Amino acid sequence: MLNRNFESASRDYVQEIEKTLEMLLPESSRDFADGEIPGNLCRAMRYSLLAGGKRIRPMLLLAVSDMLCGSHDNALVPAAALEMIHTYSLIHDDLPGMDNDDLRRGKPTNHVVFGEGQAILAGDGLLNYAYECMLKEAMHSPAALQRSVKAISCIASAAGVTGMIAGQCIDLLSEHQVPSEEILRYIHTHKTADLLTAPLLAAAALCGATDEEESALRRYGLCVGIAFQIDDDLLDVTGDAAILGKKTGMDAEREKMTWPSLVGVEAARNESKRLWQEAEDALSIFGESAWFLKKMAENLSGRQK
Ligand code: GRG
């Protein structure tokens, strides 16, 4: 990536991501046919996947690939797959059995439009299809098979039962409980930071990064992830629902464990600021080549949605 203007570089990344998502999951008009995704399932999957998310996770994967490999040709499918996994987690998180939200990305949630059963399947579908796409792509290039398998394994662990699902499990169990820093750090690390670190480690695997590079990226991902979640908690208290595209004040209503509920709004703001700075510091070993990741941190730290 020669383009060093953050806004236009992100626009280029997002364009490529949208194109890859459309290529991997085109419309399917037939109700059912062997070897095809049933029409209704495909519409439900596409409804949430193409609803205009910020595409942070796939962008991170492409940016780290560009930084370490000088190109991101073999990173586009894993990047799109990661967005599918992220979208599945949002669909399931919004279900009546979890957070019971009716607005996401400024649109009615998946279960409101397609019904609960179909929304569960749309989430399951996106999760499974993500791995189908990554594995098919990996089998097409036997020379890069080992690196691809390592990248897929990073993503699977981050999204899995010791990663995002574990974080979500403790998050749900912690509703109505007295806030504790240890539990909150666990929830934020796994529910949020793991899936933001996954693209960094997957790209590191695809590019054959050194241990030192990998651990710098891990540090950056953890700091970005926790700061991102603290900001998310803060936006739920102080944000604008119209800009956010979802209701605010829901954490307090559900008695969720959050940074503002643990330490108050001001201290939560300070902790987030400290972590954003630590994230940038973690990139020092990459020098100038980490310009996009630095700008990404700067940009996310002021986000309104
Ligand atoms: C259902 C296993 C399972 C996990 C759900 C994603 C999630 C875990 C919960 C959603 C609520 C939440 C606060 C998650 C933390 C991560 C987060 C802030 C997600 C929103 O990510 P953005 O801002 O969303 O990147 P967009 O819509 O831009 O993609």
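A residue counts as buried when its relative accessible area is under 20%, as exposed when that area is over 50%, and as partly exposed in between. The model described here is predicted. E271 has a relative accessible area of 13%, so E271 is buried. R274 has 42% and is therefore partly exposed. These two residues form a salt bridge, with the closest N and O atoms 3.0 Å apart. Both lie in helix α14 (residues 265–282). They are 3 residues apart, about one turn of the helix.

Other salt bridges link separate elements. The structure holds 24 salt bridges. One of them joins the side chains of R46 and E22, at 2.9 Å from N to O. R46 lies in helix α2 (residues 39–49) and E22 in helix α1 (residues 6–24), so the pair ties together parts that are 24 residues apart in sequence. R46 counts as buried, at 14% relative accessibility. E22 counts as partly exposed, at 35%.

R104 and D93 form a further salt bridge, their closest N and O atoms being 3.6 Å apart. R104 lies in strand β1 (residues 103–104) and D93 in helix α4, so this pair ties together parts that are 11 residues apart in sequence. R104 is buried, with 18% relative accessibility. D93 is buried too, with a relative accessible area of 14%.

The ligand was examined next. A side-chain N or O atom of K54 is 2.6 Å from an oxygen atom of the ligand. For R57, the corresponding distance from a side-chain N or O atom to a ligand oxygen is 2.8 Å. A polar side-chain atom of H86 also lies 2.8 Å from an oxygen atom of the ligand. On its own, the ligand has 710 Å² of accessible area, and the protein covers 92% of this.

Notes. Residues numbered from 1 in each chain as written. Predicted model: local features only at pLDDT ≥ 70, side-chain atom pairs only at ≥ 80, totals over all residues. Heavy atoms only, no water. Polar contact = N/O pair within 3.5 Å; in protein donor to acceptor, adjacent residues only side chain to side chain. Areas by Shrake-Rupley, 256 points an atom, 1.4 Å probe, with all protein chains shown as cover. Salt bridge = Lys/Arg side-chain N within 4 Å of Asp/Glu carboxyl O. Helix = DSSP H or I, 4+ residues; strand = E, 2+ residues; numbered from the N terminus. Buried < 20%, exposed > 50% of the residue type's maximum accessible area, 1.4 Å probe, protein only.
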